[in-house]
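Some labels used for a structure rest on cut-offs. The questions below ask what stands behind each label.

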Amino acid sequence: MNLTVNVRGVSGSGKSTAVRSLFARATSVDRTDDPWCAGHPQYYRLTIPNLVAPVFVVGDYEGTKTAGAEGLRDRYATPYVFDLFDALAERGHVVAEGFTLSQTVTMWIRLSKVCQARGAHVIVAHLTTTVDECVANIMTRRETTRRISSKLLNVDALRSFHKSQQGTTRSQRRQGVDVRDLPWRESSEVLFGWFQEFDAKATK
């Protein structure tokens with residue numbers, strides 16, 4: 001059974017870090033470029049030991065200002081991105097993250113139902129990073145990259161969005177979506193464990 005995972009969280013919660021950890025596990029990475037934007041990755045196909053199915057990582061993880069499927073935001077309407085998830089889910093496991101994707105609710109519910117109808121599965125992974133931890137991560141990232149943001153960090157806005165995401169999570173659970181907590185410090189092990197879980201179901 002193939003698995004699609006949407007890693008959700010506010011800025012600084014560790015979305016990109018969680019997904020990047022899968023690259024470190026891979027023995028081979030095959031990149032597919034965006035057919036409409038030369039030189040930009042559309043997705044990657046990862047071969048990871050102890051997984052039968054490949055893992056498709058959607059988006060750009062090669063030095064873009066914002067990693068993940070967020071890099072596709074300006075080139076595609078959100079429905080197109082979900083069609084891409086749907087197509088890749090027929091070929092293997094899929095993982096995607098991005099700030100914009102974290103704000104979509106209805107489309108993840110729709111995708112979950114479509115995948116279930118054909119024997120696949122969707123997990124919405126809610127990072128459990130606290131607001132204070134998110135702020136610390138953002139400040140560390142700015143210092144590490146030596147990037148001075150033109151915008152001051154609005155902690156109140158971050159806290160508000162963090163709270164709204166918790167409400168979104170409850171709404172998706174009521175709609176039957178498999179929503180799971182993802183602790184950011186153990187995100188690599190937890191994500192890999194989920195893929196193993198559904199790999200095992202596929203081989204039974």
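Q: In which helix does Asp86 lie?
A: Asp86 lies in helix H2, residues 78–89; helices are DSSP runs of H or I with at least four residues, strands are runs of E with at least two, and both are numbered from the N terminus. This is a predicted model, in which local features need pLDDT of at least 70, side-chain atom pairs count only at pLDDT 80 or more, and totals for chains, interfaces and linings use all residues. Residues are numbered from 1 along each chain as its sequence is written, and side-chain values use heavy atoms, with hydrogens and water left out.

Q: Why is Asp86 called buried?
A: Its relative accessible area is 19%. Buried means under 20%, exposed over 50% and partly exposed in between, with a 1.4 Å probe and protein chains only, so Asp86 counts as buried.

Q: What is Asp86 in contact with, leaving aside its neighbours within four places in sequence?
A: Leu111, Val114 and Arg118; contact means heavy atoms within 4.5 Å.

Q: Which residues of H1 are buried?
A: Lys15, Ala18, Val19, Ser21 and Leu22.
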